[in-house]
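This briefing covers annotated spans, salt bridges and a surface patch. The structure comes next, followed by the notes.

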Amino acid sequence: MDGLKEALVIWAAELRRAVRSGRAIVLLGLYSMFSALVLLVVGFVTRELQTQVNAKLAEGGGDPEMATRAAEEMRRGVLGFLASNDTAMMEALAQVPIVVLIVFKITLFFLPAYIALMGFDQVSGEVGPRSMRYLTVRARRSSVLLGKFLSQATLLVGLVLVIDLAIFIYARILNDDFAFGTLVLNLLKFWSATIVFSLAYVALTTLCSSLFRSPAVSLVFNFILLFVFWLMDSVGRAVSQENLLRFLRYLSPSYYSDNLLHPKLAEFAASGAAYAAFAAVFLFGAYGVLRARDL
């Protein structure tokens, strides 16, 4: 119980320091600019596709029913690609604007790098100048590590909520048929999925920050691990079922993101359990490094 109290005290102190330093504003700005860029690109591509469809329909006489069928077929095709052709998931996401789904998928690809930029110095920033020893005199090393992890996770939770809310409001403005009740329900669903996905990568950043005394080296090593995980997932998906390399994808956190929006609780729980396991492994590794380190 004392360890938990210590962790909560460190969590609150680290969170206040991050907010007062302006880091939260800078991170929010970076996340906002990236999301806005993705929205603009997706919106432009969507309008271009719709223009091409309308032009082809105009050449064929401009039948309204044909236009409706073409739009529905295009939406089903995009939705099937984003939902891995899972019928249950496609039905559950049928009322969500395509732009939201595309931004969500792209965000999951770049979010680990954003998390690395957000917390690469959470431990190494104090281990390098040896200021960590003043903190560990008053608190357990496990409490220090947990408090720093929780402060980064809390900051990320707030930033993701702000950006997701902005994206859903933007989608509501562009789509009159996107009902308010559906908006709120899916906002909570997408936000929860993003948080479950992110916590494992926050723990990975904590591990990388604990391995080295230099924040710059921690950041570079973090990016290397992200590339390795992405490569394992890509290779595991690309090879045939007879190839033993297909098992590499199970060792990558990104592989388990496919079912984070699945309507079946069992599918979502399986993905959530996988990310919880990755987070636990990374945190225990970080604790082992910090415990053995001479501060």
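**Annotated spans**

Residues 144–170 are 100% helix and 0% strand, with the end C-alpha atoms 40 Å apart; helices (H or I, at least four residues) and strands (E, at least two) are DSSP runs, numbered from the N terminus. This is a predicted model, in which local features need pLDDT of at least 70 and side-chain atom pairs count only at pLDDT 80 or more, while totals for chains, interfaces and linings use all residues. Residues are numbered from 1 along each chain as its sequence is written, and side-chain values use heavy atoms, with hydrogens and water left out.

- Residues 190–212 are 96% helix and 0% strand, and their end C-alpha atoms lie 34 Å apart.
- UniProt, in an unreviewed entry, places the feature "transmembrane region" at residues 24–45, 98–123, 144–170, 190–212, 219–239 and 268–290. Its positions are given in the numbering used here, feature names are shortened, and annotations may be inferred rather than shown by experiment.

**Salt bridges**

- The structure holds five salt bridges, each defined as a side-chain nitrogen of Lys or Arg within 4 Å of a carboxyl oxygen of Asp or Glu.
- Arg140 and Glu6 meet in one of them, at 3.2 Å from N to O. This pair links distant parts of the chain, 134 residues apart: Arg140 is in the loop between α7 (132–136) and α8 (141–174), and Glu6 is in helix α1 (residues 2–20).
- Arg140 counts as partly exposed because its relative accessibility is 41%; buried means under 20% relative accessible area, exposed over 50%, and partly exposed in between (1.4 Å probe, protein chains only).
- Glu14 pairs with Lys148, the closest N and O atoms being 3.1 Å apart. Here too distant parts of the chain are linked, with Glu14 in helix α1 and Lys148 in helix α8, 134 residues apart.
- Glu14 counts as buried at 15% relative accessibility, and Lys148 is buried with a relative accessible area of 1%.
- Asp233 and Arg237 form a salt bridge with closest N and O atoms 2.8 Å apart. Both lie in helix α10, four residues apart, about one turn of the helix.
- Asp233 is buried at 9% relative accessible area, whereas Arg237 is partly exposed at 38%.

**Nonpolar surface patch**

- Phe109, Phe110, Val220, Ile224, Phe227, Val228, Trp230 and Leu231 form a nonpolar patch on the surface, with about 750 Å² of accessible area together. Patch residues have over 30% relative accessible area and no salt bridge; like charges are joined within 9 Å, and nonpolar side chains (Val, Leu, Ile, Met, Phe, Trp, Tyr) within 5 Å. Accessible areas come from the Shrake-Rupley method with a 1.4 Å probe, and for residues only the protein chains shown count as cover.
- α5 (98–119) and α10 (215–238) are the elements that give two or more residues to the patch. The largest share, six residues, comes from α10.
- Ile224 is in helix α10 and counts as partly exposed at 44% relative accessibility.
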